[in-house]
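Please have a look at the structure, and then we will go through it.

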Amino acid sequence: MSDYVLETVDLGISFGGLKAAQGINLKIKKNEIYGLIGPNGAGKTTVFNMLTGVYQPTTGEFYLSGEKLNGASQESINKKGIARTFQNIRLFNNMTVVRNVMVGLHNRPEYRCGFFTSVFRLPRHFKVEKQMRKKAKELLDIFGLLDDRNNLACNLPYGKQRKLEIARALATDPKLLLLDEPAAGMNPQETAELVETIRFVRDRFDMTILLIEHDMSLVSSICERLTVLNFGTVLAEGETAEVLKDPEVIRAYLGDDE
Amino acid sequence: MKNIGLALKKIKWKHYVNYVIVLAALIVLLIAGASGGLKASTNELVLKIAISIVLAVSLSIVVGFLGELSLGHAGFMCVGAYIGGKVAVVISEKLGGGIVTFLISLIVGGLCAAVCGFVIGLPALRLRGDYLAIVTLAFGEIVKVIFQQSKAFGANLGFDTLRYDKSFRQNFYIIALILVLVTLAVTQNMIRSKHGRAITAIRDNEIAARASGVDVTKYKLIAFVVSAFFAGIAGVMFACTFSTVQAPKFGYNYSIEILVMVVLGGMGNITGTILSASLITFLNVKLSTVLTGDLAVVKDLVYALILVLIVIYTNAPAFKTFREKHNLKAFTLRIFKPKKDPSRIRDDEAKWSNIPTKINMDELLTVDLKVQESVQSPDKGGKNK
């Protein structure tokens with residue numbers, strides 16, 4: 001079971017009578033870039049919300065490296081090692097870039113620092129703050145955001161905000177990174193850059209990545225395997241090239257000939 | 001020598017502005033006190049301002065940094081004033097009316113208010129915005145009514161607080177300002193740490209904060225508890241300053257007044273909060289001493305007018321250029337104008353009048369204008385034809 005970083009078994013959720021997602025079985029190996037695609041309203045983001053604890057699944061279970069995680073709160077799921085970015089960027093807008101990343105570093109055991117340690121300014125507080133800042137700068141440097149570190153997050157251009165969101169997610173030291181439409185609103189050049197960034201993150205941080213994306217060029221160039229959702233159920237899954245040739249998938253995207 | 005200079009440069013002076021303001025006030029008062037003693041009215045004014053600052057800074061934790069609207073801050077103060085004041089009366093029989101009694105009552109009052117803060121913090125985890133404001137508003141009123149109805153605290157008339165020893169009362173302003181410093185230190189140290197970052201992250205985006213592993217429950221409770229603790233301390237200071245504690249004082253209006261101090265000072269700006277708390281309290285006290293008799297009716301009107309004018313001045317677009325010319329930064333720049341090193345003047349800064357040219361300006365300016373007229377006249381004549 002723990003061959004897989006993420007394994008979902010018959011995962012599903014219904015809101016009242018509406019079955020938003022059902023029978024989702026994902027098996028994601030370590031170091032894999034896995035795509036989750038489907039037409040609008042297929043339930044992709046719902047799956048993400050279940051995996052991060054925003055929604056509690058009504059059926060099925062999911063396991064991170066063999067550890068059952070459903071029923072846990074968002075905070076504890078993040079502590080166990082699932083980090084995410086959002087479809088509509090959610091940064092801490094009124095904080096500087098470096099502080100955004102430092103919030104991500106918050107829970108790491110090496111930066112543990114009690115409330116009263118900080119209030120009374122004991123030596124440990126200064127040590128931890130210094131280390132956190134250094135680590136945050138390292139992360140920003142990797143994403144080319146070091147020069148913007150003292151700007152407010154809301155003043156960054158769009159592409160950099162996306163990068164900052166990924167940097168913040170990585171700061172929480174996850175085992176699995178969930179990217180929700182990372183290329184939304186980007187031009188082809190920015191998308192190409194993003195592909196490089198995602199590959200780089202995978203190699204550098206030894207990361208497993210699950211991403212939702214509409215941009216087929218990005219999906220076909222980066223994802224090793226895919227799951228296609230339609231109306232909350234799995235339509236197809238497997239190797240990227242094969243799945244994209246599947247007539248069912250093409251019909252779901254382009255419609256029937258009638 | 002160089003090392004000291006470097007070390008001084010490294011210190012972030014911005015972080016210590018607030019302490020400097022309060023310490024300067026304390027020193028001025030100490031000198032005034034030593035050279036002839038403070039007038040009773042000045043003493044009372046200083047105490048009122050100190051209480052306001054503690055209240056406003058503690059409220060700014062919840063409103064400015066956590067981003068939740070709390071309208072029941074006077075309720076926490078009420079708890080501190082009643083319980084701290086009563087504890088002081090009870091224990092003074094054994095410990096006398098000195099600083100020991102005061103400190104014990106201070107801690108008991110603060111802790112009781114902190115417990116109330118915890119209780120109010122619990123619904124705050126589920127409610128947001130207006131709904132939380134309603135809950136805190138109700139809390140403030142309920143606390144007030146409970147104390148007003150309880151016989152142990154003198155029901156409607158309130159109770160007489162402990163009359164502290166004269167030496168303690170006369171020097172109470174020193175202790176009050178030290179308490180202001182403690183409040184500032186705890187608040188700022190909390191905000192400028194990873195815990196404060198977590199609190200401001202919740203304010204900026206709660207969903208993202210949760211997804212980044214911030215324990216929202218814990219930090220909301222911490223913010224409410226710390227805020228309530230210092231409101232309780234302000235309450236005990238209040239009970240120590242005035243001879244009676246009566247519930248109607250801690251009504252809805254007082255909560256709003258504290259909120260006005262925070263909003264006027266700028267959300268999440270502690271220096272601004274200190275200044276606006278001092279200003280508003282000063283204004284209130286002065287207005288009620290100046291406008292006596294029949295004029296007392298217009299006190300609220302004048303107070304409101306001044307607030308409206310301040311808001312218009314700080315926000316209206318019409319005053320924008322005026323503000324930019326006459327703000328604190330421009331003022332300090334005018335006083336400490338950096339000396340210009342001629343070698344460092346950039347091209348676009350150089351004054352054109354200083355540049356030697358071959359053109360004789362005087363000659364240019366005294367050109368005979370009649371010549372031009374004569375050139376123009378045939379043209380005009382031509383048009384007339």
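Is the crossing of helix 4 of chain B and helix 6 of chain B left-handed or right-handed? The crossing is left-handed, a term used when the near helix is turned anticlockwise from the far one by less than a right angle, with right-handed for clockwise. Before going further, some ground rules. This is a predicted model, in which local features need pLDDT of at least 70 and side-chain atom pairs count only at pLDDT 80 or more, while totals for chains, interfaces and linings use all residues. Residues are numbered from 1 along each chain as its sequence is written, and chains are lettered from A and ligands numbered from 1 in the order in which they are written.

**The helix pair in chain B**

The axes of helix 4 (residues 73-95) and helix 6 (residues 130-149) of chain B come within 8 Å and cross at roughly 25°. That makes helix 4 of chain B roughly parallel to helix 6 of chain B (angles under 35 degrees count as such). Helices here are DSSP runs of H or I with at least four residues, numbered from the N terminus. Axes are lines fitted to C-alpha atoms over the stretch in contact, with angles from 0 to 180 degrees between N-to-C directions. Helix 4 of chain B contributes B:Ala74, B:Gly75, B:Cys78, B:Val79 and B:Tyr82 to the contact, and helix 6 of chain B contributes B:Phe139, B:Gly140, B:Val143, B:Lys144 and B:Phe147.

Contact means C-beta atoms, placed from the backbone, within 7 Å. Ala, Val, Leu, Ile, Met, Phe, Trp, Tyr, Cys and Pro count as nonpolar, Asp, Glu, Lys and Arg as charged, and the others, Gly among them, as polar.

| Surface | Nonpolar | Polar | Charged |
|---|---|---|---|
| Helix 4 with helix 6, chain B | 7 residues | 2 residues | 1 residue |

**Between and within the chains**

The contact between the chains takes 28 residues from chain A and 21 residues from chain B. Chain A is divided into domain 1 (1-81 + 174-258) and domain 2 (92-172), and their C-alpha centres lie 27 Å apart.

**Confidence**

The predictor gives the complex an ipTM of 0.89 and a pTM of 0.83. Chain B has a mean pLDDT (the predictor's confidence in each residue, from 0 to 100) of 81. Over residues 373-385 of chain B, pLDDT stays under 50.

Definitions and conventions. Two residues are in contact if their C-beta atoms, placed from the backbone, lie within 7 Å. Helices (H or I, at least four residues) and strands (E, at least two) are DSSP runs, numbered from the N terminus. Angles under 35 degrees count as roughly parallel, over 145 as roughly antiparallel, 65 to 115 as roughly perpendicular and the rest as oblique. Domain bounds come from an automatic or database domain assignment.
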